[in-house]
Amino acid sequence: MSEAIGYERVGDIAILAANNPPVNALGHDVRNGLVDGIARAEADGAKAVLIYGEGKTYFAGADIREFGKPPTQPFLPDVCTRIEASPLIVVSALHGTALGGGLEIALGSHFRIAVPTARVGLPEVLIGVMPGAGGTQRLPRLVGVDVAVDVITSGRQIGAKEALAMGVLDRVVEGTPREIGLAYAQELLDSGAERRAISEMPAPEAVDFDALYNMVLQKGRGQIAPALAVRGVQACCELPFEEGMKRERELFMELMASDQRQGMIHAFFSERAVGKLPELKGVAPRNLNAVGVIGGGTMGAGIATAALLSGLSVVMLEMTAEAAEAARGRIESNLGGALKRGKLSQAQFEDLTTKALTLATDYAALDDVDLVIEAVFEDMGVKKQVFTQLDAVCKPGAILASNTSYLDINEIAACTKRPADVIGLHFFSPAHVMKLLEVVVADKTAADVVATGFALGNRLKKTSVRAGVCDGFIGNRILSTYRTCADHMILDGATPYQIDKALTDFGFAMGPYAVADLAGLDIGWAVRKRKRAEGVDPRARDFTYADKLCEDGHFGQKTGTGYYVYQAGKRAGVPNPDVMPLIEADRAAQGLTPRDFSDDEIVRRYMAAMVNEAAKVVGEGIARRPLDVDVTLLYGYGFPRYRGGPLKWADMVGLPGLLSDMQDWAKEDGYFWQPAPLLEELVAEGRTFDDLNKETA
């Protein structure tokens with residue numbers, strides 16, 4: 001027997017207990033131990049087998065240490081088949097999580113019992129593959145096509161209560177997995193129950209799988225794993241079980257060889273690596289119990305909401321009592337969404353809004369908070385006034401944080417007597433929903449302040465990325481460049497609507513002009529005015545059509561009109577007929593003759609601009625690693641996850657070709673298309689961005 005699977009007899013029941021910490025991952029030793037354990041139970045004359053996990057969970061899934069390595073026998077599908085084929089009654093007792101291969105082991109068992117807090121799921125599509133050990137063949141037989149397709153194509157985790165209602169579980173009982181599993185197995189023996197193999201159950205009725213495939217493909221914006229998983233479910237309905245298993249494996253291996261799987265595996269590991277910074281090893285964060293938020297608009301209210309939901313008390317500072325009450329209304333509206341979804345009870349809602357939240361109009365109310373986050377107007381003069389007052393009233397050791405999207409944290413810190421306590425915490429709107437947090441480290445920011453920024457992000461359930469100081473940090477600096485590229489293409493003949501469509505077809509959640517409408521066109525307008533005031537290089541191409549929209553009061557969704565016109569109650573807009581005349585006037589004023597752009601050229605130029613600026617960001621140390629850029633764009637800017645991030649995408653399409661294209665385009669616009677030195681260096685040395693990730697691992 002493998003040490004990863006313990007063996008014990010209690011009466012007629014053989015117990016196979018997984019002991020492979022921390023999450024009983026289904027590595028080689030576990031798989032081997034399960035096969036050996038079933039064989040031993042049969043040889044010992046046992047009448048039933050109980051499978052459960054020691055520690056905090058049942059089998060949580062595959063062993064990530066084996067990712068990218070050649071598989072070794074026994075393969076997981078064979079393990080599930082061997083369990084199911086046993087003449088003994090096999091019971092799995094679940095606690096913690098049974099995900100992916102873990103749930104497939106449970107489905108290979110004849111009966112399933114769980115504690116109320118257990119969760120199950122088949123999340124393989126989230127890493128670019130699909131269930132490959134019988135999930136698409138057994139689950140539909142158990143719960144039907146509709147439920148199986150929802151579970152498999154969403155990759156979502158399902159609580160025990162819902163799983164019981166679906167029919168995935170047979171029983172949910174309080175207790176330890178060992179106790180409830182033994183009792184259930186004994187009950188089955190005492191009642192004379194027969195083994196119940198899912199593979200021997202009738203297949204469900206077939207549906208219109210072509211239509212279902214197309215629907216899932218469209219919903220996934222081009223991600224192929226959920227759609228191919230539908231074909232696996234189709235095989236369950238149309239083929240004998242063994243043939244269906246073969247078809248599932250073929251589809252699984254097709255996905256394993258795909259670029260999308262590469263991209264999603266990269267995203268999976270990058271999001272786990274992004275918060276692991278060598279300089280923070282052994283550095284303890286400061287205590288965090290109470291935070292202050294200055295400014296109760298959409299962003300400030302979102303930050304306050306996220307803090308309240310994490311268990312922090314919040315002092316919300318506004319300039320007037322009326323503004324403070326308006327901020328309370330926004331926070332209560334945000335929390336009301338959590339109440340409506342069942343994430344909060346009414347009592348919890350009332351505690352958060354009446355006890356944990358304090359409204360204030362005087363900076364003195366912030367004298368005992370551990371951290372203050374300002375979310376005021378994006379103007380350096382305003383920021384400096386705020387930080388000067390914070391410096392005067394906040395206690396020693398309190399962290400002073402700015403939510404600025406672009407401005408220089410070093411300049412902000414310099415107006416205080418405690419620059420070591422100043423940091424940037426750039427949230428994305430709505431802050432209680434968006435997962436990304438840029439932790440912007442200024443020149444004098446103390447290490448324990450950086451550690452506290454990451455600890456706060458973790459507490460708020462954010463994915464935190466370290467950024468250095470520059471205009472726009474990581475995300476908005478890159479955004480500014482690829483948006484400029486899109487604006488250049490518009491001057492040269494493309495339309496905002498063609499660009500938006502080409503990029504949503506590529507996999508972005510929204511195109512850049514729809515995003516601009518959502519964020520507010522006044523934000524980009526303010527940045528352009530600031531940069532023009534600071535001085536724009538005479539070689540840079542400029543444009544006025546976006547400014548004209550703002551001058552006419554069209555700021556996007558919040559005014560009902562921007563690049564698109566929005567109707568009440570409808571999220572999507574229709575093209576604004578006033579936009580193209582403004583663009584045509586801009587072209588005419590610059591003496592430009594428009595030309596046609598293909599969707600492929602739009603995507604290639606847009607992505608090349610993104611990659612080139614990202615390479616500059618990494619080369620300058622604003623982002624420490626390429627994966628920091630990838631995670632930022634994935635979580636903050638709607639980059640398609642199955643492409644891994646812009647720098648992973650660049651590696652997959654080939655750096656030499658991208659550099660060659662930029663060099664060609666530089667003949668038309670040598671200022672904009674200046675290749676990043678890091679990109680030129682990598683191409684010259686035959687290396688990739690991923691090589692840099694490995695060097696810093």
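Biologist: Which loop is P430 in?
Modeller: P430 sits in the loop between β15 (422–427) and β16 (436–440). Helices (H or I, at least four residues) and strands (E, at least two) are DSSP runs, numbered from the N terminus. This is a predicted model, in which local features need pLDDT of at least 70 and side-chain atom pairs count only at pLDDT 80 or more, while totals for chains, interfaces and linings use all residues. Residues are numbered from 1 along each chain as its sequence is written, and side-chain values use heavy atoms, with hydrogens and water left out.

Biologist: Is the peptide bond from S429 to P430 cis or trans?
Modeller: The bond from S429 to P430 is cis, and its omega is near -5°. Most peptide bonds are trans.

Biologist: What joins P21 and P22?
Modeller: A cis peptide bond, with omega about 10°. P22 is in the loop between β2 (13–18) and α1 (28–44).

Biologist: New topic. What is the phi of K461?
Modeller: K461 has a positive phi, about 65°, although it is not a glycine. Most residues other than glycine have a negative phi. The loop holding K461 runs between α17 (447–459) and β17 (463–467).

Biologist: And is K461 buried or exposed?
Modeller: Exposed, at a relative accessible area of 64%. Buried means under 20% relative accessible area, exposed over 50%, and partly exposed in between (1.4 Å probe, protein chains only).

Biologist: What about R221, what is its phi?
Modeller: R221 also has a positive phi, of about 50°, and is not a glycine. R221 lies between α8 (209–219) and α9 (224–238), in the loop. Its relative accessibility is 38%, so R221 counts as partly exposed.

Biologist: Zooming out, how many helices and strands does the protein chain have?
Modeller: The protein chain has 29 helices and 19 strands.

Biologist: Which domains does the assignment give?
Modeller: Domain 1 (5–257), domain 2 (279–471) and domain 3 (475–621 + 624–696). These bounds come from an automatic or database domain assignment. The C-alpha centres of domain 1 and domain 2 are 43 Å apart.

Biologist: What does the C-alpha trace span?
Modeller: About 85 × 60 × 50 Å along its principal axes.

Biologist: How many of the 697 residues count as buried?
Modeller: 54% of them.
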